[in-house]
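The report below is meant for someone meeting this structure for the first time. Please look over the sequence and the model before reading on.

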Amino acid sequence: MIQLLAFYLFAALTLAAGALTILSRNPVHSVLWLIVAFFNAAGLMVLVGAEFIAMLLVIVYVGAVAVLFLFVVMMLNIDFAALRAGFIKNFPLGILLAAVLLAEVLMGVGVVQGGALQLGTPDGSAPVPAGAQNIEAIGAVLYGKYLFLFEVAGVILLVAMIGAIVLTHRERKGVRGQNIARQVARRPDEATVNMQPDVGKGVSL
Amino acid sequence: MDLMHSLRLVAPEELLSLSGLALLLAAAWLGSARAARVITWLSIAVLATCTVLVLPGLSNPAGAEVQAFGGLYSADAFAAFAKVLIYIAAAATLAVAPPFLEKAGAARAEYPILVLFAAMGMGIMVSAQNLLTLYIGLELNSLAAYVLAAFLKTDERSAEAGLKYFVLGALASGILLFGMSLTYGFTGTTSYAGIAAALQGGIAKGALFGLTFVLAGLAFKVSAVPFHMWTPDVYEGAPTPVTAFFASAPKVAALGLTMRVALEAFGTQAAAWQQIVIFAAIASIVVGALGAIGQTNLKRLLAYSSINNVGFILIGLAAATPAGASAMLVYLAIYVAMTVGGFVAVLMLKDGAGNQLEMLGDVAGLSRTRPLIAAGLAMVMFSLAGIPPLFGFWGKFVVFQAAVEAGMVPLAALGIAASVIGAFYYLKVVKVMYFDDPAGKVIGQSDMVHAVLLLASALFISPAGYLLTKCLGHFAETAAAVLFAGA
């Protein structure tokens, strides 16, 4: 009973937050509503027993992606009047796209009713450990069976990082680096100088 | 204990990644530009060590004892053969890079380090026994390659090459992944052996789609027609040492990978992919030969030549026999020597101020100003054209022989006819060098390393190379047998 209530609560809030994401006039509010939607979707995932995906939603989508959105929205000065001006002009195109998507949904329903696809059977090389939580199961596969690939994937990320630095880093002249030893060795008597300017000559504008 | 065994089998990859990391730290400490030359030579030493490490594997038959990490990776004779070629080609193209990059003001230690990581990815590609391993290896190689193509960041052409390669490469990876997901869905496994077993009885339509997309993605990586469009632009725009690298080592890796996928994973359904490969082979040979005719840039010309050669190599795959696979490996070994020789010769073309020359007009009358470069380049061209006394002929001969033995006489006949068209532009280069009035542009001195490498590859493709046919053929046969062990 409580699960059913929780489901309806999360589902209703997800839908409402999703609707408000596209309806709110202020883009910053849109992103905030999106975060609400992510949190409720995470709640739904916990309800179906996929706690790993729930955590990913919170950590990756809320923690990283939504914050990035927020930065972008705040930094870009978007002119909404200009954006809306194209609305009527592009209206027929929008309707056309909506019709295509609707047709796809209807076809999808037809396909589902047509019966299951003849897929291959899993070869059983990566069985789910009995009684394991899904985080445990993913961990067992990732750090056990696919350890080698996991490590090499780390190397790929390293290569991407080296690449980004190689392609964007420029040696600049006249950069003042921090010399920690000099900072630490500095004494009060060399850092401050006592001046006694004449009256009315202390500031030059 | 099982883990220790696996770790021993992946020793070359471990050495490459660890030394890559160590050299990266060394570069950060010593200063990237200052340490560039030292780190380049250290990287060559690492690649040489890796070559020595994989040499004993040249006689490993397929089997459980060479499988690492529960059948994700195999250190068999086929992988060893391809890795020897990859490491040698990577080392050779590294050795010619420092003078070029120093002149361009882009001498940085990250260059050899990226090549090391690319070589690691290529090694994983040819050792893959699972679609996941395949993809991880391919991406490791590709990501390093995108950066290398754009390495001269102040040069517009290099940046364009890098961007083009990146966008099209990402598209090809997407196509490949889509095919792999379909294959997984309809066979229930990502391991090659599992796919072969699942397709024993027949191939479902979904799996057939998967196979087609996988082959399309791989055709992009080997630059086979109709997925070749990026090749001339990227080869022309990328720095010449990088082009030499692209044309040699990754070609071996991608073709080795394609062989493994076609013959191991889809080996039980050869009829399903043979027509695709036959089309790609013929189209590559014809487009490669016709496209090169109008080229005035030597790098573009060599790019079309590589498309053309990939077509010939794919004829061996179309045969789908052990003889065809072994012929492909022999051809690949000769192709690497010819390509490295060709690009080294192009790198040696410098004007008085030390700037690189790469136009066909620049080499006019080269035989009178720099007879040695002209002789080397002429040998490479004759060999690429497959003119008999040179070793390039042997590669074409074994491939055609395998095709004829497999009953594909029309395919072989078409290939021979197209190679005659191809001979036209190879001979045109020789004619320009030997019979045109000297342009007098190529007067700059080149590095000793270049001369040595050109000499070595010229020696390999000279008639003296035929002394190697027996030993090369033996290793290629052992390697090819691995692919048919399961069948």
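Axes are lines fitted to C-alpha atoms, for helices over the stretch in contact, and angles run from 0 to 180 degrees between N-to-C directions. Helices (H or I, at least four residues) and strands (E, at least two) are DSSP runs, numbered from the N terminus. This is a predicted model, in which local features need pLDDT of at least 70 and side-chain atom pairs count only at pLDDT 80 or more, while totals for chains, interfaces and linings use all residues. Residues are numbered from 1 along each chain as its sequence is written, and chains are lettered from A, with ligands numbered from 1, in the order in which they are written.

Chain B contains 21 helices and 2 strands. Its radius of gyration, taken over C-alpha atoms, is 21 Å, close to the 23 Å that the globule rule (2.2 Å times the number of residues to the power 0.38) gives for 487 residues, so chain B is as compact as a globular protein of that length. Along the principal axes, the C-alpha atoms of chain B fill a box of roughly 65 × 60 × 40 Å.

| Helix pair | Axis angle | Axis distance |
|---|---|---|
| α6(B) and α7(B) | about 155° | 7 Å |
| α13(B) and α14(B) | roughly 155° | within 7 Å |

The angle makes α6(B) roughly antiparallel to α7(B), a term for angles over 145 degrees. Residues are in contact if their C-beta atoms, placed from the backbone, lie within 7 Å; the contact includes B:L114 and B:F117 of α6(B) and B:L134 and B:I136 of α7(B). By class, this contact has 15 nonpolar, 4 polar and no charged residues, where Ala, Val, Leu, Ile, Met, Phe, Trp, Tyr, Cys and Pro count as nonpolar, Asp, Glu, Lys and Arg as charged, and the others, Gly among them, as polar.

Helix α13 of chain B covers residues 270–293 and helix α14 of chain B covers residues 298–319. The crossing of α13(B) and α14(B) is left-handed, and their contact has 18 nonpolar, 7 polar and no charged residues.

Between the chains, 32 residues of chain B are in contact with 21 residues of chain A. On the side of chain B that touches chain A, α7(B) gives the most, with 9 residues, and the residues of that side divide into 19 nonpolar, 9 polar and 4 charged.

Definitions and conventions: A crossing is left-handed if the near helix is turned anticlockwise from the far one by less than a right angle, and right-handed if clockwise. Two residues are in contact if their C-beta atoms, placed from the backbone, lie within 7 Å. Angles under 35 degrees count as roughly parallel, over 145 as roughly antiparallel, 65 to 115 as roughly perpendicular and the rest as oblique.
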